[in-house]
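My entries follow the order in which I checked things.

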Amino acid sequence: MKILTVVGARPQFIKAAVVSHVLRGRHQEVLVHTGQHFDYNMSQQFFDELDIPAPDYNLGVSGGSHGEMTGRMLIEIEKVLTKEQPDWLLLYGDTNSTIAAALAAAKLHIPICHVEAGTRTHSRTNPEEINRICTDHVSALLLASTASGMEEMKLEGLADRADLVGDPMYDAFLEYSGHKQLGDLTLQLLDGSTATVPDRFVYLTCHREENTNRDEDLREIFKAMEQLDYPVIYPVHPRNHDRALRLQEEMKLNNILLAQPVGYLESACLVKNAQLVVTDSGGLQREAFFAKKKCVTLLNFVVWPETMVGNRNVLAKPVAEDILEKIAIPQEIDESYQPFGDGHAALKIVEAMENVQGEK
Ligand code: UDP
């Protein structure tokens with residue numbers, strides 16, 4: 001089979017890494033990078049560290065409004081699909097690269113396999129929710145990471161195209177999270193200096209549109225972080241770079257290390273060693289769960305309901321008082337509860353496409 005994979009953003013590189021390694025042993029893969037994430041530490045570092053084959057196409061599309069970015073990607077992806085004529089288009093998650101590729105392929109009658117299908121926040125103002133719903137509804141094969149994703153698809157009449165394979169992020173965490181030790185890490189701080197990682201720390205990430213459009217939200221998040229007993233490591237997503245630096249100056253922060261984004265191996269090591277994870281990232285919420293760390297999610301909707309069991313993950317508004325209250329809630333861990341699969345999602349994803357192809 002010829003499978004054309006489209007990726008564009010950091011979380012997609014991680015999932016594509018584990019799937020590509022299985023896929024390339026059995027089939028031909030054409031890899032397309034839209035260019036949505038392009039800085040070295042948001043893109044190439046992942047290809048290098050996770051041994052992802054170099055993209056066959058780099059479309060160089062980034063920036064602009066949602067519509068503009070998606071539209072430019074759609075135009076370019078359509079050209080590649082028309083030329084390559086793959087048996088499958090393989091897509092991950094919920095970014096603008098995902099929806100652009102899905103729309104292009106659907107109109108060309110190229111079957112789409114969507115990984116992480118059925119994930120729902122039920123918030124229509126969450127931009128990723130629109131991408132998820134539209135991609136699922138034009139896809140031929142819907143591969144869910146969890147049972148709740150399967151339930152959501154049943155409610156939307158998609159069950160006959162859906163299958164539960166587990167979460168390739170769990171595969172990746174099992175494979176890569178032991179590759180770096182804390183002592184290997186040197187944080188590159190935004191002010192140009194470097195820092196070693198303290199023995200005890202809180203790991204913060206924050207980049208969702210919901211938390212990066214206004215100073216007030218980040219100011220409240222920083223206010224809470226300043227009051228914690230441990231230093232906070234915050235690798236700053238480019239979307240928040242200028243705002244974070246401005247607030248550091250304004251608030252005279254002294255408990256938060258504002259760092260450049262780290263690679264996946266470093267990030268996984270930080271999750272494993274943190275006292276606590278505070279995040280608005282879908283990936284980090286699951287990784288905190290995998291590492292049995294308490295997570296406080298800075299969003300007003302649940303993305304991964306499985307992580308919320310036993311208060312292992314709790315939602316907090318971007319308000320200092322609420323964040324501190326939620327941090328204080330103890331978590332209860334059921335060691336036997338592993339709703340994200342058996343660590344072989346990548347193989348199941350490839351087999352699911354093979355099975356459908358075999359039925360044709
Ligand atoms: N991540 C990383 N470096 C960082 C911050 C996060 O490698 O500086 C990883 C993190 O471990 C997680 C993934 O990036 O696996 C999540 O990406 P992101 O938060 O950008 O997207 P989301 O998961 O929210 O879609």
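**Ligand contacts**

I began with the polar contacts, meaning pairs of N or O atoms within 3.5 Å. A nitrogen atom of the ligand sits 2.7 Å from a polar backbone atom of Val262. For Ser281, I found a polar side-chain atom 2.8 Å from an oxygen atom of the ligand. In the side chain of Glu287, an N or O atom is 2.4 Å from a ligand oxygen atom. I then looked up the ligand area: taken alone the ligand exposes 530 Å², and the protein buries 96% of that (Shrake-Rupley method, 1.4 Å probe).

I noted the ground rules here: this is a predicted model, with local features needing pLDDT of at least 70 and side-chain atom pairs counting only at pLDDT 80 or more, while totals for chains, interfaces and linings use all residues. Residues are numbered from 1 along each chain as its sequence is written, and side-chain values use heavy atoms, with hydrogens and water left out.

**Shell**

I listed 19 residues around the ligand, and Val262, Ser267, Ser281, Gly283 and Glu287 come nearest (a residue is near if one of its heavy atoms lies within 4 Å). Helices H1 (10–23), H11 (264–273) and H12 (282–290) are the elements giving two or more residues to this shell; helices are DSSP runs of H or I, at least four residues, and strands are runs of E, at least two. H12 supplies the largest share, four residues. Domain 1 (2–167 + 341–359) and domain 2 (182–328) each give at least three residues to the shell, with bounds from an automatic or database domain assignment.

**Sheet**

I traced an open sheet of seven strands in the order E3-E2-E1-E4-E5-E6-E7, with parallel pairing; strands pair if DSSP finds at least two bridges between them. Strands E3 (57–58) and E7 (162–164) are the edges, each pairing on one side only. Leu91 has His114 in E5 as its bridge partner.

Definitions and conventions. Polar contact = N/O pair within 3.5 Å; in protein donor to acceptor, adjacent residues only side chain to side chain.
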